[in-house]
Amino acid sequence: MNNSENKATSYSIIGFGNIGKALAGAFARKGIDVSVATTHDPKSFASDAAKIGPGIIPTTLAEAVKADVIFLAVRFESHPDVAKALPNWQGKTIVDVTNAYGVPLEQLGGQPSARVVAQAFTGGKLVKGFNHLGAAILGQDPAVHGGRRVVFLSSDDDGAAAEIGALAENLGFSPIKLGGLSEGGLLVQARGNSWGQLIFKDLVKFD
Ligand SMILES: NC(=O)c1ccc[n+]([C@@H]2O[C@H](COP(=O)([O-])OP(=O)(O)OC[C@H]3O[C@@H](n4cnc5c(N)ncnc54)[C@H](OP(=O)(O)O)[C@@H]3O)[C@@H](O)[C@H]2O)c1
């Protein structure tokens with residue numbers, strides 16, 4: 001709940017490809033509603049959403065950005081287009097699921113990719129997370145072998161990290177907080193042609 005407004009937190013996933021669908025599956029498993037958007041008319045992916053669950057709501061990008069918590073599940077290169085959807089992201093938490101693998105460091109001004117994304121979403125609170133697992137694994141029930149699959153979270157905003165940590169637990173994952181984006185967060189960010197050390201590149205195939 002948002003303490004200030006005493007209303008339920010709303011969620012959206014922008015990008016409904018491999019990772020967007022895997023995340024939608026996690027929401028559906030726990031009966032938490034989430035809207036999903038792409039650049040296309042929501043009717044065009046309505047049947048895919050319905051297959052995942054009744055609480056997966058196809059919508060437009062303009063509607064999806066109204067959510068309190070927004071998962072950014074597009075290619076890293078597309079994040080500026082999404083960021084343009086609002087002049088200011090104040091009051092919103094953006095969960096950056098992108099992997100900037102192969103993006104030249106010069107293009108990032110030498111910065112960690114999540115900081116580049118954070119700067120594009122002016123005024124928003126950014127949490128890097130849910131990006132270290134391949135979609136096929138992220139899409140599975142995180143209750144495995146008597147334990148829970150972990151997700152790594154990093155943020156320069158402790159409140160936002162706590163908020164997404166609580167959500168991760170509600171989705172059945174075990175969150176591990178790594179600290180700031182440029183500190184522990186670097187362990188889960190691809191840089192140039194290197195994967196972050198905590199991205200299980202040897203276990204899963206990434207696109
Ligand atoms: N695949 C994996 O296993 C994996 C694992 C971890 C992290 N990631 C990261 O997750 C992100 C998504 O990967 P993916 O494999 O899911 O990619 P994908 O299958 O190509 O899906 C990308 C989605 O983004 C949508 N999209 C593109 N531009 C958009 C825009 N401007 N506004 C709204 N939606 C837009 C696309 O829809 P339309 O083109 O129809 O609009 C599509 O639904 C990438 O950054 C990737 O590095 C992927």
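In which strand does Ser12 lie? Ser12 is part of strand 1, which spans residues 11-14. The views below are taken from a predicted model.

**View 1. Ser12 and its surroundings.** Ser12 has a relative accessibility of 0%, so this residue counts as buried. A polar atom of the Ser12 side chain lies 2.9 Å from the backbone oxygen of Ala64. Leaving aside residues up to four places away in sequence, Ser12 touches Val34, Ser35, Ala64, Ala67, Val69, Ile70 and Phe71.

**View 2. The aromatic pair of Tyr11 and Phe27.** The structure holds seven aromatic pairs. One of them is formed by Tyr11 and Phe27, with 5.5 Å from centre to centre and 55° between the planes, and is tilted. Tyr11 belongs to strand 1 and Phe27 to helix 1 (residues 18-29), so the pair ties together parts that are 16 residues apart in sequence. Both Tyr11 and Phe27 are buried.

**View 3. The aromatic pair of Phe130 and Phe173.** The ring centres of Phe130 and Phe173 are 5.7 Å apart and the planes are at 80°, so this pair is edge-to-face. Phe130 sits in the loop between strand 6 (125-129) and helix 6 (135-138), while Phe173 sits in the loop between helix 7 (158-170) and strand 10 (174-177), so the pair ties together parts 43 residues apart in sequence. Phe130 is buried, with a relative accessible area of 1%. Phe173 is also buried, at 1%.

**View 4. A cluster of rings.** Tyr11, Phe27, Phe71, Phe130 and Phe173 are linked into a cluster by ring pairs.

**View 5. Lys21 and the ring of Phe16.** Lys21 lies over the face of Phe16, 5.4 Å from the ring centre.

Technical notes:
Residues numbered from 1 in each chain as written. Predicted model: local features only at pLDDT ≥ 70, side-chain atom pairs only at ≥ 80, totals over all residues. Heavy atoms only, no water. Helix = DSSP H or I, 4+ residues; strand = E, 2+ residues; numbered from the N terminus. Buried < 20%, exposed > 50% of the residue type's maximum accessible area, 1.4 Å probe, protein only. Polar contact = N/O pair within 3.5 Å; in protein donor to acceptor, adjacent residues only side chain to side chain. Contact = heavy atoms within 4.5 Å. Phe/Tyr/Trp six-rings, centres within 6.5 Å; stacked < 30°, edge-to-face > 60°. Lys NZ or Arg CZ within 6 Å of the ring centre and 35° of its normal.
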